[in-house]
Amino acid sequence: GTCYMGKFERDVLQGNGNVEHYSGGSTAMRPPFNGRNSFNFDNGSSYEGEWRNFLPDGYGTYIWPNGSKYVGFFEAGCFHGDGKLYDRNV
């Protein structure tokens, strides 16, 4: 399956975003549907926080494989509102 973290307008992908692929057929391998939980993506990134409709939504932490991370609020899979981006390369 696939999880897209980015912007939609009128059900069309807009701007920059990330497509994450996950494998397996069991619900244990899929992003959580709703509630607070964590998920590790196949590319090595992870998200821990609130989910809604298979997307990060609410407060959470997204960590890229290189160790950079965003801690803050998400809405429908997008960074939204207050948050901090920690760039490991700076």
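In the predicted model, the chain contains seven strands and zero helices, and the order of its elements, read from the N terminus, is β-β-β-β-β-β-β. The chain has 90 residues, of which 30% count as buried. Its accessible surface comes to about 6,000 Å², and carbon and sulfur atoms account for 48% of that area. When contacts between residues at least 6 apart in sequence are considered, 10% of them join residues that are at least 24 apart.

Strand β4, which spans residues 46–52, includes Ser46. This residue, Ser46, has a relative accessibility of 18% and is therefore classed as buried, since the cut-off for that class is under 20%. Once the neighbours within four places in sequence are set aside, the contacts of Ser46 are with Phe39, Asn40 and Phe41 on the one hand, and with Thr61, Tyr62 and Ile63 on the other. The C-alpha atoms of Ser46 and Lys69 are 9.4 Å apart in space, although 23 residues separate the two in sequence. The charged end of Lys69, in turn, sits over the ring of Tyr86, at 5.5 Å from the centre of that ring.

Aromatic rings were examined next, and the count comes to 11 aromatic pairs. One of these is formed by Tyr47 and Phe74, whose ring centres are 5.0 Å apart and whose planes stand at 80 degrees to each other, an edge-to-face arrangement. Because Tyr47 belongs to strand β4 whereas Phe74 belongs to strand β6 (residues 69–75), this pair ties together parts of the chain that are 27 residues apart in sequence. Both partners are buried, with a relative accessible area of 1% for Tyr47 and of 4% for Phe74.

A further pair, that of Tyr70 and Phe79, has its ring centres 4.0 Å apart and its planes at 20 degrees, and it is therefore described as stacked, given that planes under 30 degrees apart fall into that class. The two members of this pair fall into separate accessibility classes: Tyr70, at 5% relative accessibility, counts as buried, whereas Phe79, with a relative accessible area of 40%, is partly exposed.

Conventions. Residues numbered from 1 in each chain as written. Predicted model: local features only at pLDDT ≥ 70, side-chain atom pairs only at ≥ 80, totals over all residues. Heavy atoms only, no water. Helix = DSSP H or I, 4+ residues; strand = E, 2+ residues; numbered from the N terminus. Buried < 20%, exposed > 50% of the residue type's maximum accessible area, 1.4 Å probe, protein only. Contact = heavy atoms within 4.5 Å. Areas by Shrake-Rupley, 256 points an atom, 1.4 Å probe, with all protein chains shown as cover. Phe/Tyr/Trp six-rings, centres within 6.5 Å; stacked < 30°, edge-to-face > 60°. Lys NZ or Arg CZ within 6 Å of the ring centre and 35° of its normal.
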